[in-house]
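Here are my notes on this one, as numbered points. Have the model open while you read, and start with the overall fold before zooming in.

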Amino acid sequence: MIRLEAVSFRYEEMKMLFDASFPKASITAVIGPSGGGKSTLLNLIAGFEQPLSGRVLIAGEDVTELPPDRRPVSMIFQDNNVFAHLDLRTNVALGISPGARLDRAQEKRVEQALAEVGLSALAHRKPGEVSGGERQRVAVARALVRDRPVLLLDEPFAALGPAQRRDMLDLLRAMQQARGLTVLMVTHQPEDAEYAASHTAYLENGRVAALRPTAELFAAADIPGLAAYLGDWRSKPL
């Protein structure tokens with residue numbers, strides 16, 4: 001579904017080169033040291049950054065030159081990007097229309113998305129009146145109404161506690177399975193990758209050093225840098 005063909009990019013003094021294919025209709029976790037290129041990888045796929053060379057393909061289509069709004073991609077960030085002065089329903093509706101002016105069919109999509117993430121009863125509250133986990137659910141619902149086949153997540157649950165993080169991972173897995181989404185999720189929590197992702201990519205120094213089924217990658221002894229990155233972490237449930 002997602003293919004990066006010799007995609008090069010330079011950030012300050014670091015030269016990055018991504019060449020990898022990410023499996024369709026599954027969740028791939030993206031892990032690695034800070035500054036290794038994880039967010040840049042997502043930004044190149046989404047179109048927020050332009051490569052110096054190479055191609056980005058989604059579902060076989062070359063999208064390298066397309067702007068972000070024309071790519072079949074939604075993205076969720078750590079800070080969730082909700083607007084404090086708007087209620088949750090309007091924040092979700094912005095995923096369809098910048099002015100949140102919707103026809104009846106679009107209104108129904110917003111209602112369904114709010115129900116899917118468990119926010120129907122809170123639809124008319126402001127972000128400051130709900131929890132951090134509920135604000136992240138707003139961001140997920142906004143991605144749902146966009147109805148794009150690729151979902152990118154850049155450490156969206158990093159600020160949440162363990163219980164809330166697991167709830168969000170359960171929601172992500174259910175949403176991915178129900179809609180057949182192709183998901184890439186940047187995380188600094190190996191246990192999140194183990195719990196939710198069928199595959200995991202390890203990035204280091206602007207390269208995809210390994211991309212394997214999650215259990216296989218964490219058990220590997222042939223990936224330079226991985227053991228040092230994981231430290232004393234051992235496979236364990238959330």
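1. A word on terms before anything else: helices (H or I, at least four residues) and strands (E, at least two) are DSSP runs, numbered from the N terminus. Counted that way, the protein has eight helices and ten strands. Its radius of gyration is 18 Å, close to the 18 Å that the globule rule gives for 238 residues, so the protein is as compact as a globular protein of that length. Keep in mind that this is a predicted model.

2. On overall dimensions, the C-alpha trace spans about 55 × 40 × 30 Å along its principal axes. If you take the contacts between residues at least 6 apart in sequence, 66% of them join residues at least 24 apart.

3. Of the 238 residues, 48% are buried. The protein exposes about 11100 Å², and carbon and sulfur atoms supply 49% of that area.

4. How many of its five residues are buried? Five of the five are, so β8 is largely enclosed by the rest of the structure. Side chains go both ways here: Thr-182, Leu-184 and Val-186 point one way from β8, while Val-183 and Met-185 point the other way, and all are buried.

5. Which strands pair with β8? One is β3 (residues 27-31), which runs parallel to β8 over four bridges. Within that pairing, Thr-28 has Leu-184 of β8 as its bridge partner. Another is β7 (residues 150-154), also paired with β8 in the parallel sense, over five bridges. On that side, Leu-153 stands opposite Met-185 of β8.

6. Last, a closer look at Thr-182, which sits in strand β8. Is Thr-182 buried or exposed? Its relative accessible area is 0%, and buried means under 20%, so Thr-182 counts as buried. What is Thr-182 in contact with, leaving aside its neighbours within four places in sequence? The list takes in Met-1 and Ile-2, then Pro-23, Lys-24, Ala-25 and Ser-26, and finally Pro-149, Val-150 and Leu-151. Two of those names, Val-150 and Leu-151, can be found in the contact list of Thr-182 and fall within residues 150-154 of β7.

Technical notes: Residues numbered from 1 in each chain as written. Predicted model: local features only at pLDDT ≥ 70, side-chain atom pairs only at ≥ 80, totals over all residues. Heavy atoms only, no water. Rg over C-alpha atoms; globule rule 2.2 N^0.38 Å. Buried < 20%, exposed > 50% of the residue type's maximum accessible area, 1.4 Å probe, protein only. Contact = heavy atoms within 4.5 Å. Areas by Shrake-Rupley, 256 points an atom, 1.4 Å probe, with all protein chains shown as cover. Pairing = 2+ DSSP bridges.
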